[in-house]
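Visitor: I am new to this structure and would like to learn how to read its features one at a time. Could you take me through it slowly?

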Amino acid sequence: MKEWHQLLHLSREMADMISAAEKEAFTVHKEIDMRTSFNQVRVLETFRQVRLGEEDFSSTTGYGYNDTGRDKLESLYALIFGGEKALVRPQLVSGTHAISCCLFGLLRPGDKVLAVTGTPYDTLHKVIGRKGDADRGTLQDFGIGFQTVDLVDDMANKDENAIAAKLDPYLDDEKIRLIYIQRSRGYSLRRALTLDALRSLMEMIKGAFPGRVVFVDNCYGEFVETQEPLHAGADLLAGSLIKNPGGGLAPSGGYVVGKAELVELVASRLTAPGLGSALGPTLGTNRPLIQGLFLAPHFVGEALKSAVFAASLFTSLGFKVYPHYDENRGDIVQAVILGSREALEKFCQTIQAYSPVDSHALPIAGEVPGYEREIIMAAGTFVQGSSLELSADAPMVEPYAVYLQGGLIYPHARAAISAAAAILIQK
Ligand SMILES: *Cc1c(COP(=O)(O)O)cnc(C)c1O
């Protein structure tokens with residue numbers, strides 16, 4: 001029988017490097033399998049607990065009253081993520097929308113946000129707004145302040161003095177109502193926060209800013225570890241269903257989970273005051289959202305294995321990668337420094353070419369709604385823009401790092417990543 005790399009016409013040398021990378025990744029892959037097993041059973045237990053039945057796959061239209069499937073789905077999210085209540089809706093059009101609903105739902109004019117993990121993800125910049133940015137409906141426009149400190153490296157170095165010095169100017173500010181934490185790296189080379197890091201960060205924050213809402217942007221973090229940020233003490237989480245927790249099946253949607261009163265305030269922002277979470281037709285999405293959640297631990301495991309393989313292979317080819325193949329991970333994102341615009345384009349174009357959908361399309365950098373920088377995106381995915389499916393994207397800026405994530409099926413991701421590596425070292 002032929003081997004898979006022969007089908008792709010990869011050279012003998014490349015095939016040897018792939019084998020070596022897989023050998024190096026073996027132990028880490030086994031650890032991922034163990035976490036996947038644990039998470040799969042953890043999820044199964046909640047499905048048994050809510051007594052999911054086939055009747056819950058039917059769904060509602062119109063106002064969406066009495067949607068038992070939606071209620072079960074939201075109970076599942078609350079139980080799995082460790083919250084009192086969840087809002088899981090196809091009407092949340094993206095992760096940015098879910099996060100934006102949280103901020104506008106909880107904050108009032110005069111309030112301030114303190115982000116402690118540096119500048120938030122690109123698409124949040126337009127939600128926050130800038131001074132003088134009137135009449136756009138941004139936080140700024142409503143008189144809500146947003147301040148940023150970056151404690152990520154100090155957390156990793158356990159540098160308590162540095163952290164105390166950075167937080168000191170904000171300690172007496174009673175207007176700070178919400179502490180904003182981003183778990184994933186976003187388009188930056190900072191670390192993603194592990195659960196351990198989140199736990200100590202949360203302890204510090206709760207001590208320094210008692211009574212404030214601790215919010216976590218959980219995008220790309222779900223099921224990477226065996227607990228979630230609410231288990232580490234956060235009050236509210238939000239994320240996207242076309243990333244980890246949708247398990248590749250969710251056609252759209254976002255989630256918010258945490259303390260019941262906070263989630264209800266967010267629901268009133270998504271719908272309207274007085275309507276809150278009681279309204280919201282599911283329009284046929286109950287089955288894929290529920291089944292996707294059940295499959296999510298497995299597919300996150302496949303994505304993590306793909307990231308670890310990529311880290312190992314690209315390191316052996318002389319590229320800098322973040323994180324290293326054997327580093328503890330807090331998200332599914334793998335950054336690889338490619339060093340030039342051409343290499344970044346080639347990488348994304350090759351990932352696209354080895355995708356099941358739109359393999360004939362050629363990604364080029366350009367404007368994307370919500371982003372201020374020029375972005376290149378490869379996503380040959382069944383659900384548009386889904387990034388639990390294999391995808392690669394990046395802002396077109398120095399040092400030309402690509403952010404690779406997803407891979408519902410490890411052998412697919414391994415093939416595409418290997419093809420991209422082969423093209424990059426050809427020259
Ligand atoms: C993806 C992502 C978001 C939200 O992005 P959407 O494309 O709107 O779903 C927010 N924060 C982080 C860290 C992300 O990775």
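Visitor: How do the residues of the shell around the ligand divide into nonpolar, polar and charged?

Guide: Please keep in mind that this is a predicted model. The shell around the ligand divides into four nonpolar, six polar and two charged residues. Among the residues around the ligand are Ser-94, Gly-95, Thr-96, Tyr-121, Asp-217 and Lys-243, and the largest share of the shell, three residues, comes from helix H4, which covers residues 95-106.

Visitor: What does the side chain of Asp-235 reach?

Guide: The side chain of Asp-235 reaches the backbone nitrogen of Val-214 at 2.7 Å, and it also makes a polar contact, at 2.5 Å, with the side chain of Lys-259. Beyond residues up to four places away in sequence, Asp-235 touches several others, including Lys-206, Arg-212, Leu-230 and Leu-262.

Visitor: How is a pair of aromatic rings described?

Guide: One gives the distance of the centres and the angle of the planes. A search of the whole structure finds 16 aromatic pairs. In one of them, the rings of Tyr-180 and Phe-215 have centres 5.4 Å apart and planes at 35°, so this pair is tilted. Because Tyr-180 lies in strand S4 (residues 176-182) and Phe-215 in strand S5, the pair ties together parts that are 35 residues apart in sequence. Both Tyr-180 and Phe-215 are buried.

Visitor: Which parts of the chain does the pair of Tyr-187 and Tyr-371 link?

Guide: Tyr-187 and Tyr-371 form a tilted pair, with 6.1 Å from centre to centre and 40° between the planes. This pair links distant parts of the chain, 184 residues apart, with Tyr-187 in the loop between S4 and helix H8 (195-208) and Tyr-371 in the loop between helix H11 (341-353) and strand S10 (375-378). Tyr-187 counts as buried at 10% relative accessibility, and Tyr-371 is buried at 12%.

Methods
Residues are numbered from 1 along each chain as its sequence is written. This is a predicted model: local features need pLDDT of at least 70, side-chain atom pairs count only at pLDDT 80 or more; totals for chains, interfaces and linings use all residues. Side-chain values use heavy atoms; hydrogens and water are left out. A polar contact is a pair of N or O atoms within 3.5 Å; within protein, one must be able to donate a hydrogen and the other to accept it, and residues adjacent in sequence count only if both atoms are side-chain atoms. Contact means heavy atoms within 4.5 Å. A residue is near a molecule or strand if one of its heavy atoms lies within 4 Å of it. Helices (H or I, at least four residues) and strands (E, at least two) are DSSP runs, numbered from the N terminus. Ala, Val, Leu, Ile, Met, Phe, Trp, Tyr, Cys and Pro count as nonpolar, Asp, Glu, Lys and Arg as charged, and the others, Gly among them, as polar. Rings of Phe, Tyr and Trp (its six-membered ring) pair if their centres lie within 6.5 Å; planes under 30 degrees apart count as stacked, over 60 as edge-to-face and the rest as tilted. Buried means under 20% relative accessible area, exposed over 50%, partly exposed in between (1.4 Å probe, protein chains only).
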